[in-house]
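Dear colleague,

Please read them alongside the coordinates.

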Amino acid sequence: MLIAIIVLLALLQYMAYKPLTMKCSVKYPEQPLHKYHQNGDFILGGIASHGLFLSYAKDFTKKPLPPLPEEILPMNYQHILALAFAVKEINENPQILPNITLGFHIYNNYYNAKWTFHSTMLLTYTLERFFPNYNCNMKKKLLAVIGGLDSLTSLDMAIFLDIYKIPQLTYSPTTVMKDKSPGLPFYQMVPREDLQYEGILSLLLYFRWIWIGVVVMDTESGERFVQTVIPMFSQKGVCFAFIQKIPIPTFITNMSWMLKQGNIIYDTLRDNNKVKVILAYSESHSLGFFRFLSYLSDEEVESKHKNPLGKVWITTAQMELTSFGFQRDWDLDIFHGAIAFTFHSNHIPGFHEFIENQTPSGVTGDGFIKTFWEKTFGCLFPDTVSLSPPSFEMDMSGHSYSIYNAVYAIAHAFQNMMTSGIRVMVDGGLQLHKQSFWQTRPVSLCTPSCYPGSRKQVMDGEPFCCYTCMSYLDKTFSITDMNHCYSCTKEKYPSKNQDSCIPKDISFLSYKEPLGISLACFSLLCSTITILILRIFMIHHNSPIVKASNQNLTYMLLITLLLCFLCALLFIGQPNKVACILRQTTFSIIFSVAISCVLAKTVTVVLAFVATKPGSGIKKWVGKKLGYTFVLTGFLIQVGICTVWLSISPPIPNPDLYSETENIVLQCKEGSIIMFYCAKCYMGLLAMISFIVAFFARNLPDTFNEARFITFSMLVFCSVWISFIPTYLSTKGKYMVAVEIFSMLASSAGLLICIFFPKCYIIVLRPDLNNRQLRRQRK
């Protein structure tokens, strides 16, 4: 017994290292309907999706009816030719795999999982004889398998290919299986699908298509697409008006229901007038089903074609512009203006001629070409027709180019493996072809864009892309389609359309603008007139009228009026620290001296008449010293007020950012408001006292009594400054300064005109009246 066990172990060890070359006698009972074989030392496998069958539903109570004849997708035949052409080029190239001939085995999966499994199993046994876990063909090795066209096909193939560790190169965007271990031989020849989503999103945002519809096939990949793009697009402001799913025609008995569902989907697309963009996603063959949307039912479809939808379709790269053979005469108006993302392709020299040479009689081993020929050209074999547009696309498509690259990748990898073992990486690309057939750019919005200066207000119960536009406040701004308003900084203001902030201009009363020039000229004119009057009085200082008007006080009043006119110039120009201090203090002191001079002249006249009465004791107070005392007292009181003002809180430059919307007004801040009003009130008190005294002295008998002129001048003075208060408070910016300057000039001119013009008239024009004795005689 022990000897028997030892011998058995020895045989097992021998069997483990000895190649299994037993002949397999089991043959699968069902052969594929379409295949394309070309012998070689090493074989490339391919799973093609050339067409599909529609069968009747099985109820397991009776024998099912046979399926309808195969409906092919003519464009997909190019995928087969691309693989054959690449193998042909490699075999003819002595630089690639010398002394080795590549062959290929291609099977059709009919977009059916059963046939996908079947065809993949046949590829692993290249003699179409297989027995699980045994290799029945040691000479013809399967290097790799290229396929499939759709993600579901690729994943079904991977189930078997992973078991045998056979490399698989897929030319469709395929999500990796959850239970698939990293490092398994599974290569994707096209870019990741999420890159397309980013490209589509960029396209939508570029054209501002934010109100779109989505149409997908009712499959697992379609649902995955919807679940991926909805949150991704919504974060960027794209809304979905509807999401429609086109049912998959599984059985012939469901076709009527499917077409009715297609009619419902068509009506949804047609009735959403605001939706101008439709995002379509599905597998490569789905465009043929999408074309059914423009028909009502399965009866007389050719006579029930509907009008174009007027929509822009955006399709992913996986959806090729392909249709079933019976749809070759159908128009594509429903897809007019479509934008299709495509996989990178390139011009391959010789491919065009290779396609033209394909005929049923000139090709050996191609089991696809007969069906293709009959379905595409509507003829019976052996009619001869050359492959040329528009019957067949001659330029290599993105999928075909991916297959072409996959063949070369396998060949180079196999060659490098036999030499240096370098691994070959294949890069894919993605191109967006520009469209030039739009007359005007389509607009796909639920609500027209909110213009600058307004914000979006989302309506209750509606998607966030449906909103009303609310106007913004005056000091806010926005750009197009903003959810919130933004306030401009203090140094800026919103533009007219409230779409940006504009820096405010610097504003102040300057010598360069008409208003500043006018006030400055008026000030200089009044100053010149004052100097002329002073000159006249000095020339005629011995005349009775000059002597009677208290000569020294008159000169002092004229000089202060001259300073009052010149003081107005301090208020013109850009404010600075020195100018702000001199403006109000100089104005207050000079005006106080001027009014004190007027008051002194009036009081002197009154006391002079009172002193002439018998027994009056006031005579000793009458004289020049009394007038000087009034002027000096008025001057010192105002100087004291201004000194306290400057010591507590002096005027300083202060830009006003708020009084004018478009300007920053440079002005002087008064500092202490209390002291400011104290200085103004003191001047007002002097003016009121002068007015009252002059009013009571207006009827005193004297040839040159000027009390009545002083009364009128003080009335003008007080009227100007009383009017100044409401006017000043109702103006803004630099015009406040202009109002103050005008009041200064007007009140000073009032004193000058009312008091001195009558005297100048007598001195210059009527010297005959400038005689005290003559005046008394006439009186």
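Four bridges join β11 to strand β12 (residues 312-315), and the two run parallel; strands here are DSSP runs of E, at least two residues, numbered from the N terminus, and two of them pair if DSSP finds at least two bridges between them. Within this pairing, Ile278 stands opposite Trp313 in β12. Strand β9 (residues 211-217) also pairs with β11 in the parallel sense, over four bridges, and there Val214 has Leu279 as its bridge partner.

Please bear in mind that this is a predicted model, in which local features need pLDDT of at least 70 and side-chain atom pairs count only at pLDDT 80 or more, while totals for chains, interfaces and linings use all residues. Residues are numbered from 1 along each chain as its sequence is written, and side-chain values use heavy atoms, with hydrogens and water left out.

How many residues of β11 (residues 277-281) are buried? Five of its five are, where buried means under 20% relative accessible area with a 1.4 Å probe, protein chains only, so that the strand is mostly covered. In a regular strand the side chains alternate between the two faces of the sheet; in β11, Val277, Leu279 and Tyr281 on one side and Ile278 and Ala280 on the other are all buried.

Elsewhere, three strands form an open sheet of mixed pairing in the order β21-β23-β22, with β21 (505-507) and β22 (652-656) as the edge strands, each pairing on one side only. β21 pairs with strand β23 (residues 663-669) in the parallel sense over three bridges, and Ile506 has Ile664 in β23 as its bridge partner.

Best regards

Note on methods. Buried means under 20% relative accessible area, exposed over 50%, partly exposed in between (1.4 Å probe, protein chains only).
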